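Reader: Could you take me through the disulfides of this model, and then show me what surrounds them in the way of cores and salt bridges? I would enjoy a close look.

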Amino acid sequence: MVGTPVAATAADIELQGRELVVSGMLDGSAIKTFTDHLASGTVRTVVFEDLSGGTADAAGAFADAIRASGVDTEIRGQCMAACAYAFLAGKTHRFGYGFQVNGILLPVAARPTAAELAVRWRGEEAHKTLADFTPPTASTAGTATAKPVEASVPPVKGVRDNWQPDHGILFTASPTLFGRIYNAYYCDGTQGRDFSKCERISDADPYKLGVLTP
């Protein structure tokens, strides 16, 4: 199970050869630096390394930049909430190699059924799931660009606008002598960052569900 992260800071971005390594938190403060690196054409893979989350609008901005550039994405360690949506925008998206435990938490507005899980993160529809956390307005209804509601604001009845970064589906991959062991959990948000309290989900292979690509 993914452990409790240390206190996060703003996104830290470092170019390492053809890899652009992003760590910290996606709060939007480094989006210009990020897009400038991608525009250079030298980046092949965006590596998310131990990102504890961020805001819904920052997730959308990073995801748009990744999708436009056509780069791959990779997770090393933890990729929570906002990071998870940016990660899905990669041409291919995978867990990194090594001996670390990798984990990704994809926030959900409500617990998905087994049928919803099967298609939620597959194909182009995966890029529209941020709409779950943006309240529709007269000018933005039906789009994915509405301004997200801050987590401290109570959700409006009937509107799925409750961005709760600790409420979601957690996928983990732990190294063993016989290869990686994959597990999935439903976290209702009451666990905080103690993910050992999340409920185990059976038959939720991240490759079959489109969260990871081969």
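Author: A disulfide here is a pair of cysteine sulfur atoms within 2.5 Å. This is a predicted model, in which local features need pLDDT of at least 70 and side-chain atom pairs count only at pLDDT 80 or more, while totals for chains, interfaces and linings use all residues. Residues are numbered from 1 along each chain as its sequence is written, and side-chain values use heavy atoms, with hydrogens and water left out.

Let us start with the pair Cys-187 and Cys-198, whose sulfurs lie 2.1 Å from each other. The torsion about their S-S bond is about 110°, so this disulfide is right-handed. Cys-187 lies in strand β8 (residues 179-188) and Cys-198 in the loop between β8 and β9 (199-201), so the bond ties together parts that are 11 residues apart in sequence. Strands (E, at least two residues) and helices (H or I, at least four) are DSSP runs, numbered from the N terminus. Both Cys-187 and Cys-198 are buried, meaning under 20% relative accessible area, with exposed over 50% and partly exposed in between (1.4 Å probe, protein chains only).

The other disulfide joins Cys-79 to Cys-83, with an S to S distance of 2.0 Å. Here the torsion is about -105°, so the bond is left-handed. Cys-79 and Cys-83 are buried as well.

Now for the cores. A nonpolar core is a set of buried Ala, Val, Leu, Ile, Met, Phe, Trp, Tyr and Cys residues joined through side-chain atoms within 4.5 Å. The largest has 45 residues, of which Leu-26, Phe-34, Phe-48, Trp-121 and Phe-171 touch the most other members. Helix α3 (residues 82-88) gives the most to this core, with seven residues. Apart from it lies another core, of seven residues, and Cys-187 is among them, along with Met-80, Leu-170 and Tyr-185.

Finally, the salt bridges, each a side-chain nitrogen of Lys or Arg within 4 Å of a carboxyl oxygen of Asp or Glu. By this rule there are six. One of them pairs Arg-111 with Glu-199 (2.9 Å, N to O). Arg-111 sits in the loop between β6 (102-107) and α4 (114-120) and Glu-199 in strand β9, 88 residues apart. Arg-111 is partly exposed at 45% relative accessibility, and Glu-199 is partly exposed at 41%.
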